[in-house]
Structure formats: structure tokens, C-alpha cells
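Hi,

Here is the structure I said I would pass on.

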Amino acid sequence: SFVEEFSTQYYDCEVTVTVDKASGRVIHAVYKTPLVLKVRVNMFGTHDASLGFTFEKDYTITYWF
């Protein structure tokens, strides 16, 4: 195969939650996951590429009772 490396490196992940003081329940959460994707290919020479990006997921939690 011409793909010599395909890897991900996660770093400095964060979880932030908001807790309702009256009930003690989590009502909001945000997850941030930054990562670096690394690829090395050997096709007409060896080429390295890195791409950094962040996944962010934002949740609002509603309780029904």
C-alpha cells in the first residue's frame, strides 16, 4: 500500500457542564475534542501531511417529570 501512516492524536480535550443548583442535575454540556490527523504516503516520493481540527458537541438536557 502507498499509505505508510494514518494516525490521529487527540490533545487538551475539554468537557464543560452546567448544573442546576436547585435540582443538582446537569442541564447543559459542551465537549471539545481537538486533534491532529497525520498521513504519510509513498507515491512519487514520500509526502507527509497534517491537518488540525476540533470537534465540538453542544448538548442541552431537558428532564420530563
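This is a predicted model: local features need pLDDT of at least 70, side-chain atom pairs count only at pLDDT 80 or more; totals for chains, interfaces and linings use all residues.

Residues are numbered from 1 along each chain as its sequence is written, and side-chain values use heavy atoms, with hydrogens and water left out.

Val15, Val17, Val19, Ile27, Tyr31, Tyr59, Ile61, Tyr63, Trp64 and Phe65 make up a nonpolar patch on the surface, about 1,100 Å² of accessible area together (Shrake-Rupley, 1.4 Å probe, only the protein chains shown count as cover; members have over 30% relative accessible area and no salt bridge, with nonpolar side chains joined within 5 Å; a salt bridge is a Lys or Arg side-chain nitrogen within 4 Å of an Asp or Glu carboxyl oxygen). Strand 2 (14-19) and strand 3 (26-42) each give two or more residues, and strand 2 gives the most, with three (strands are DSSP E runs of at least two residues, numbered from the N terminus).

There are two aromatic pairs (ring centres within 6.5 Å, using the six-membered ring for Trp; planes over 60 degrees apart count as edge-to-face). Tyr31 and Tyr59 pair edge-to-face, 5.8 Å centre to centre with 80° between the planes. Tyr31 is in strand 3 and Tyr59 in strand 4 (residues 46-60), so this pair ties together parts 28 residues apart in sequence. Phe53 and Phe55 are edge-to-face too, with centres 5.4 Å apart and planes at 80°.

Lastly, Arg25 sits over the face of Tyr63, 4.5 Å from the ring centre (cut-offs: NZ of Lys or CZ of Arg within 6 Å of the centre and within 35 degrees of the ring normal).

Cheers

Definitions and conventions: Patches are made of residues with over 30% relative accessible area and no salt bridge: like charges are joined within 9 Å, nonpolar side chains (Val, Leu, Ile, Met, Phe, Trp, Tyr) within 5 Å. Helices (H or I, at least four residues) and strands (E, at least two) are DSSP runs, numbered from the N terminus. Rings of Phe, Tyr and Trp (its six-membered ring) pair if their centres lie within 6.5 Å; planes under 30 degrees apart count as stacked, over 60 as edge-to-face and the rest as tilted.
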